[in-house]
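Let's take a walk through a protein structure together, starting with the whole chain and then stopping at a few places along the way. Keep the picture beside you as you read.

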Amino acid sequence: MKFVSTIVGFILFILFFGFALKNTQEVDLHFFLNYELRGPLVLMLLGFFVAGAALGILAVTPTVFRHRRETSKHKNTIVALQTVARTSVAQPQPDSVSTQQ
């Protein structure tokens, strides 16, 4: 399986490298207040991809921390219930069946 993932990674690298070689022309990016940014198209695309990935990770971070906190609470509850179950003195006895003769 590792061999297959290595080959797939190598093929993707070749495809993206070819894409980068084909898109080296300069592009202008215009912002507000007459601010302009010039650079190769590939670097612009890479920059916006990285910025989008970083914003996505930042957007998910609070949810991940909330789930971790809830999991910790549930684990503590389970440990407490197991401790109470172990310390109980007498187990309940089953109902006895009386036979009348």
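How much accessible surface does the protein chain have, and what share of that surface belongs to carbon and sulfur atoms? In this predicted model, the accessible surface comes to about 9800 Å², and carbon and sulfur atoms account for 69% of that area. Buried residues make up 4% of the 101 residues in the chain.

Now look at the overall layout. Among contacts between residues at least 6 apart in sequence, 3% join residues at least 24 apart.

Phe3, Val4, Ile7, Val8, Ile11, Leu12, Leu15 and Phe16 make a nonpolar surface patch of about 800 Å². Let's pick out one of its members, Leu12. You will find Leu12 in helix H1, which covers residues 2-22. Is Leu12 buried, partly exposed or exposed? Leu12 counts as partly exposed because its relative accessibility is 41%, a value that falls between the 20% limit for buried and the 50% limit for exposed.

The model has 2 aromatic pairs. One of them joins Phe13 and Phe17, whose rings are stacked, with 5.9 Å from centre to centre and 15° between the planes. These two residues are 4 apart in helix H1, so about one helical turn separates them. Phe17 counts as partly exposed, because its relative accessibility is 45%. The other pair is made by Phe31 and Tyr35: their ring centres are 5.5 Å apart and their planes meet at 40°, so this pair is tilted. Phe31, with 41% relative accessibility, also counts as partly exposed.

Finally, let's visit Asn23, which sits in the loop between H1 and strand S1 (26-30). Why does Asn23 count as buried? Its relative accessible area is 15%, and buried means under 20%. What lies around this residue? A polar atom of the Asn23 side chain is 2.9 Å from the backbone oxygen of Phe19. Leaving aside neighbours within four places in sequence, Asn23 is in contact with Leu41 and Val42.

Key:
Residues are numbered from 1 along each chain as its sequence is written. This is a predicted model: local features need pLDDT of at least 70, side-chain atom pairs count only at pLDDT 80 or more; totals for chains, interfaces and linings use all residues. Side-chain values use heavy atoms; hydrogens and water are left out. Patches are made of residues with over 30% relative accessible area and no salt bridge: like charges are joined within 9 Å, nonpolar side chains (Val, Leu, Ile, Met, Phe, Trp, Tyr) within 5 Å. Accessible areas come from the Shrake-Rupley method with a 1.4 Å probe; for residues, only the protein chains shown count as cover. A salt bridge is a side-chain nitrogen of Lys or Arg within 4 Å of a carboxyl oxygen of Asp or Glu. Buried means under 20% relative accessible area, exposed over 50%, partly exposed in between (1.4 Å probe, protein chains only). Rings of Phe, Tyr and Trp (its six-membered ring) pair if their centres lie within 6.5 Å; planes under 30 degrees apart count as stacked, over 60 as edge-to-face and the rest as tilted. A polar contact is a pair of N or O atoms within 3.5 Å; within protein, one must be able to donate a hydrogen and the other to accept it, and residues adjacent in sequence count only if both atoms are side-chain atoms. Contact means heavy atoms within 4.5 Å.
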